[in-house]
Every structure is written in C-alpha cells, then in structure tokens.
Amino acid sequence: MALPHHTLDIDARGVATLTIANGTPLNILDSATIAAMTATLRRLARSDAVRALVLRGSGERALIGGANIHELAALEPDSAVDFISRLRDLCEAMRDFPAPTIARMAGWCMGGGLELAAACDLRIAAHDARFSMPEVRIGIPSVIHAILLARLIGEGHARWLLLTGAPIDAEKALRWGLVNEVAQPGGLDGAIEHTLAELLACGPRALRTQKALLRAWEEPHIERGIKESVAAFGASYETDEPAQCMEREFFSKNRQKALQGKREQLFIREH
C-alpha cells in the first residue's frame, strides 16, 4: 500500500512492513514524513491481526539518515518545540505499538532515526551498518528518545555517543548492545525472517501481554526525561549556535563539494 512518504505492506502471516519512502536517498525525516508515519502506526495499532512490525528504509543506504537539516536550520524556539514534539509522537507510537517491532538497520542510522530505532523492541543490523547521534555537532542536543540509549548500551557508552557525535560501526554496536544481531553480508533479510519466525511461534496474545509488561516495567524517569527534553530542544534555538554549527558542518561543506565538482567538470572540458 503506497501512502504519503512511506509504504505499508501486511503479509498473510500478519507481518507489517513499514518502509520510509519519501524520495530522499537517506530516508530523511521531515515533518510531513513524521506525521504520516505516526498516523499509520496509530491506525495499525488498532488491528489485532498484526503479529509483528518491521521498520525499514527504502534502499540499502540508510534506515534513517536523521532529520531534515534544512528544516532544522529554519527552526526558532517555538517551531523547534513543535518539530521535536512531532518526532516524539512518532517514537512514542512505535514504543507503544502493541505487537513486537523490529528495526531493519541497513546503512546509516543517525540522530532522530536512531531514536526511532531505539523505540523498537529489536534491532537487526547489516554488517556494514553505521550509527551516530551527531546533534551536538550541529549545535543542538540529542533529546526525547535518546534517553533510551543508556538502558540499551549503558551510561558510559551513551555518554560517548551523545557527547562526541561520532559514529560507530556494526561490530561495536553489537558489543555495546545497541543492536541485537549483526547479519552476515547479504543476510540481513534472512536474519529478519529468522527473528520473525521466532516471534510468530509464540502465542499472539501472550506476546502482546509480555510487551505491555515490559513497557510497564520501564523506569518512571524515562517519561519525565522525554517530557523535559522537548523544552530543552526549543531552548537550544534561543541562540545562533545551531545556525552557526549547521552552516559549518553541513551547508558550507556541501558548497565546497559543489564547487569542487564544477572545477573538475571544467578541467575535464578543457583537457
């Protein structure tokens, strides 16, 4: 089923596959994509026929390459709160989904995309997948469901990921506990299918009950931290630091690449 900014397929087993397909090479999250996916997840959550959900990106370059940098660069304090609230709602819709959820992690998974993956129950990565939380490098904090990372990988590893903004590879992600499994080359879909078979072998009502219990066992500070981080994200736009960092880390580098490309084309024509 083709929907705005994504597709949804449900097979005969009751396995739903939600694919981000918004025309961007790295499946970047913008407000329209976020809203459309949130609505689909909430609608799908009402169906008892769904036994499991797989989140994936179109292509193999990324699950999600983060939030739309052009949209982030244009934010002000109030609009920043609105944007991050929408992303929070998407992550919460995934976190509250009643059936087990699996993030299919091919290529890059960054920023808000990694937060959405952290909101899934299970994460299975390609052998060459890479992960990062680069927000501090563009002048904003990692917020909302970044709070889940400490539970997954420990406080020390979460601090490294959030404070450096540097990427890690699939091997390190597995050692840290960020992903449940790293597939062999060419074996990502096979690994997903193996995990689905394990889930589908369970009683569907028992599995939903177990997931609800796991949710209930989470620490109360998670909810408080998510709520407080929305305001912190908005406050980060009260200075020009995000604009300066985004210009340095993204826009100026892209202009340099474009200029270098033009120079190379000119050299080829002249020689």
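Which residues does L72 touch, not counting residues up to four places away in sequence? L72 touches A67, F83, I138, I140, F233, Y237 and M246, where contact means heavy atoms within 4.5 Å.

This is a predicted model, in which local features need pLDDT of at least 70 and side-chain atom pairs count only at pLDDT 80 or more, while totals for chains, interfaces and linings use all residues. Residues are numbered from 1 along each chain as its sequence is written, and side-chain values use heavy atoms, with hydrogens and water left out.

**Nonpolar cores**

A nonpolar core is a set of buried Ala, Val, Leu, Ile, Met, Phe, Trp, Tyr and Cys residues joined through side-chain atoms within 4.5 Å. Buried means under 20% relative accessible area, exposed over 50%, and partly exposed in between (1.4 Å probe, protein chains only). The largest nonpolar core has 63 residues, of which L55, L72, M105, L114, F131 and F233 touch the most other members. Helix α3 (residues 77-95) gives this core its largest share, eight residues. A second, separate core of 14 residues includes I102, A183, A191 and L196.

**Helix α3**

Helices (H or I, at least four residues) and strands (E, at least two) are DSSP runs, numbered from the N terminus.

**Strand β6**

Five of the five residues of strand β6 (residues 101-105) are buried, so the strand is largely enclosed by the rest of the structure. T101, A103 and M105 point one way from β6, and I102 and R104 point the other way.

| β4 (residues 52-57) | parallel | three | L55 |

**T164**

T164 lies in helix α6 (residues 155-164) and is partly exposed, with a relative accessible area of 27%. T164 touches V136, R137 and R159, not counting residues up to four places away in sequence. The backbone oxygen of W160 lies 2.7 Å from a polar atom of the T164 side chain. T164 and E238 are 74 residues apart in sequence and 22 Å apart in space, C-alpha to C-alpha.

Notes
Polar contact = N/O pair within 3.5 Å; in protein donor to acceptor, adjacent residues only side chain to side chain. Pairing = 2+ DSSP bridges.
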